[in-house]
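Keep the structure open as you read.

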Amino acid sequence: VNTGSNTELARQLRVAASRPMDRRGFLYVAGALGASGALAACGTSAPSTPPTNPPAPSAASAASTEPSVEPSAAVVHENVEPEFNLYNWVDYDAPETTAGFEQEYKTKVILEVFTSNEEALAKFQAGGGSGYDMMAPTGYILPSFIAGNFILKLDKSRLGNYGNIDPKFLNLPFDPSSEYYIPKDWGTTGFMYRSSDVTETPKGWKDLFALGEKYAGKIGILDDKPVNIGAALKSLGHSINSVDPTELDAAAEVLYAFAPYVGNVSNDYKQIVRDKDMLIHMGWNGDAAVLRFEEANKDTVYVVPEEGTEFWVDAWVIPTDAAHPNAAYAWLDYLMRPAIAAQETAFTLYGNAFSGSYDLLAPDIRNDPTIFPPDELVAKLEPFVDNEASQQRNDIWATFRSKISA
Amino acid sequence: VGDRRSVLTALLLLPASAWYLFLLVIPLAITVVFSFGTRAAAGGYQPGFQLGNYLKVTDRLIPIQATFQLAIVGTALCVLLALPLAYFLATRAGRWKSLLIILIIVPFWTSFLIRTYAWRTILGSDGIAGSLESLLGVEISILGTTWAIMLGLVYNYLPLMIFPVYISMERLDRSLIEASKDLFAGRWRTFRQITLPLAAPGIVTGSLLVFIPMMGEYVVPAMLGRGRVFLIGNVLYLDFLDARNWPQGSAMAVVLILVMLLAVSGYLWFTSRGRLQREESVL
């Protein structure tokens with residue numbers, strides 16, 4: 001990942017954030033999530049919010065310059081330890097966020113990264129999970145962390161800003177009474193293409209697989225079993241989480257037919273798309289947005305597949321053996337401040353769960369349908385469930401991977 | 001005195017024994033035990049006894065075969081490249097010898113990852129391959145193919161072949177070559193019947209040093225193969241980390257160890273038999 005361009009991007013976004021804006025009703029989008037079934041518990045209550053006045057310049061600049069952050073009124077975080085060990089995805093927090101936290105609480109953030117949820121879980125299962133105070137794996141894997149007793153139940157009395165969470169991101173199926181997590185970012189898994197070279201306008205997974213022959217060797221996929229099997233299932237109109245043997249067999253045929261055209265298998269694909277080594281690549285909406293904001297790559301188009309796709313929520317959790325719990329709670333509370341949440345979204349270009357922060361976002365972020373997809377599409381999104389025990393899925397993935405180079 | 005000596009011997013052997021016990025024997029035993037277990041509900045290991053994990057290994061024959069092919073061809077290429085170079089170093093390099101040896105070593109002061117990543121740039125569209133491509137107008141990119149992986153493997157492991165071969169050639173008794181020439185053997189025949197057999201121990205050592213890590217290579221295929229080539233390393237990753245099926249992964253690992261043991265002992269038996277026969281025929 002090119003940090004240089006990220007810094008530049010963050011600067012541009014801050015400039016953009018100081019312009020007047022009209023509000024996009026995110027609540028109304030999130031409300032439609034209820035229809036996905038995943039969020040059924042909180043489905044119907046989303047009013048379509050009328051556009052509000054542009055926020056006062058001071059509020060806009062709160063997100064745009066040094067975060068003039070409002071300390072949480074309810075809870076004072078005392079005895080914050082001088083060290084805070086964060087275990088997270090790469091480039092997943094704005095440098096300003098960690099710097100501001102370090103300054104305010106006189107602590108030092110030590111970051112260690114993981115590249116897959118399974119890697120993080122395996123580390124804990126092998127007993128290597130001590131030494132971290134905070135991490136943000138994807139929701140679907142949480143049940144395994146809970147089963148292993150690897151994460152703490154949160155003491156919400158220590159989180160003064162807990163009320164800032166949009167309720168639609170609470171009580172999600174992986175932790176039905178929100179005992180363990182604070183939602184971080186959310187987004188979709190789809191694909192992107194360079195519209196200056198790809199003349200077609202693919203709209204869904206089916207279109208992607210159909211383009212294989214024409215763009216042979218120029219199409220990349222994610223190194224991710226549920227994503228690929230889910231895409232094939234969706235292209236046939238099934239759920240991404242299907243474990244039905246016949247449906248999986250049919251999905252396998254789609255993948256095997258597509259295998260010879262795959263040119264890249266990777267979750268770190270931004271540079272490859274920049275270089276046009278791949279013209280089409282499966283990926284996540286935030287990565288595509290980062291590319292699109294770069295002048296040379298603004299022809300990058302992200303597609304939320306029309307058949308539906310994965311909707312994921314990453315979840316902040318505190319490991320059971322956290323040595324610096326005060327810092328951990330201070331961190332969570334800090335991130336739930338609207339200005340900080342807006343700063344994070346401006347950096348990662350993923351949606352966050354703190355609706356109070358949306359006013360502070362630049363219009364080109366708030367109005368971006370790839371970051372906040374239209375509701376009829378959101379209704380088709382599904383979160384993954386953990387299907388790793390399925391031998392058939394493993395076999396399909398291994399066979400598919402073998403067929404790519406064969 | 002005898003007691004003291006045996007105590008001393010025990011002390012001297014202690015570090016190595018502890019090393020092997022804790023880092024080889026015990027982990028290996030755990031792997032074997034795990035391979036008969038079942039997957040716990042949330043993933044990982046649950047005690048049990050079943051052979052099912054071993055039966056499923058046959059579903060992964062394609063990556064096993066692909067890995068063997070890659071490692072065997074890669075080792076052979078290393079031998080072919082190392083032989084002339086080691087021969088030159090041992091017999092013709094003269095006063096340049098030390099410098100040349102240092103030149104072989106110097107690249108390895110850089111991390112394995114960085115060296116492999118550098119190849120990605122060289123072979124990528126921004127590198128030499130890309131420039132050549134736009135100059136000639138022909139598609140020559142090998143990134144993402146088995147050839148790119150082969151290049152990365154041979155580049156990274158070649159020194160492990162060069163040095164053992166060089167050492168065995170260095171020790172070679174020049175008078176044997178002179179004798180061969182006195183007896184009217186040509187250059188080729190001298191090489192085949194004198195130099196090569198005497199260098200054989202070096203080739204055998206080098207082959208083992210190169211072949212074994214190539215079989216388990218994970219980084220080079222991931223970086224230069226663009227994830228397109230699916231090998232044993234990927235299967236192990238899939239079983240352990242993706243599927244979180246430690247028993248299945250353990251069975252795969254045990255099978256891999258057994259197959260490697262068979263292959264390596266077969267290779268050693270074959271090469272030593274050849275040498276013994278030659279020695280007998282000389283007598």
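A salt bridge here is a side-chain nitrogen of Lys or Arg within 4 Å of a carboxyl oxygen of Asp or Glu. The model is predicted: local features need pLDDT of at least 70, side-chain atom pairs count only at pLDDT 80 or more, and totals for chains, interfaces and linings use all residues. Residues are numbered from 1 along each chain as its sequence is written, chains are lettered from A and ligands numbered from 1 in the order in which they are written, and side-chain values use heavy atoms, leaving out hydrogens and water.

Over all chains, the rule gives 21 salt bridges. One of them joins Glu104(A) and Arg337(A), at 2.9 Å from N to O. Glu104(A) sits in helix α4 (residues 95-105), and Arg337(A) in the loop between α12 (325-335) and α13 (338-348), 233 residues apart. Helices (H or I, at least four residues) and strands (E, at least two) are DSSP runs, numbered from the N terminus. Buried means under 20% relative accessible area, exposed over 50%, and partly exposed in between (1.4 Å probe, protein chains only). Arg337(A) counts as buried because its relative accessibility is 1%. Glu104(A), at 31%, counts as partly exposed.

Next, strand β4 of chain A. Lys184(A) forms a salt bridge with Glu344(A), with the closest N and O atoms 3.6 Å apart. That pair links strand β4 (residues 182-194) to helix α13, 160 residues apart. Both Lys184(A) and Glu344(A) are buried. They also belong to a network of salt bridges with Asp93(A) and Asp185(A). Arg194(A) pairs with Asp299(A) in a salt bridge, at 3.0 Å between the closest N and O atoms. Arg194(A) lies in strand β4 and Asp299(A) in the loop between α11 (285-292) and β8 (300-303), so the pair ties together parts 105 residues apart in sequence. Arg194(A) is buried, at 2% relative accessible area. Asp299(A) is buried too, at 14%.

Now the interface. Which residues of chain B supply 27% of the area that chain B buries against chain A? First, the total: the two chains bury about 2,400 Å² between them, 48% of it on carbon and sulfur atoms. Buried area is the accessible area (1.4 Å probe) that two parts lose on being put together, summed over both. Arg226(B), Arg228(B) and Arg244(B) supply that 27%, more than any other three residues. Three salt bridges cross the interface. Arg244(B) forms a salt bridge with Asp386(A), the closest N and O atoms being 2.5 Å apart.
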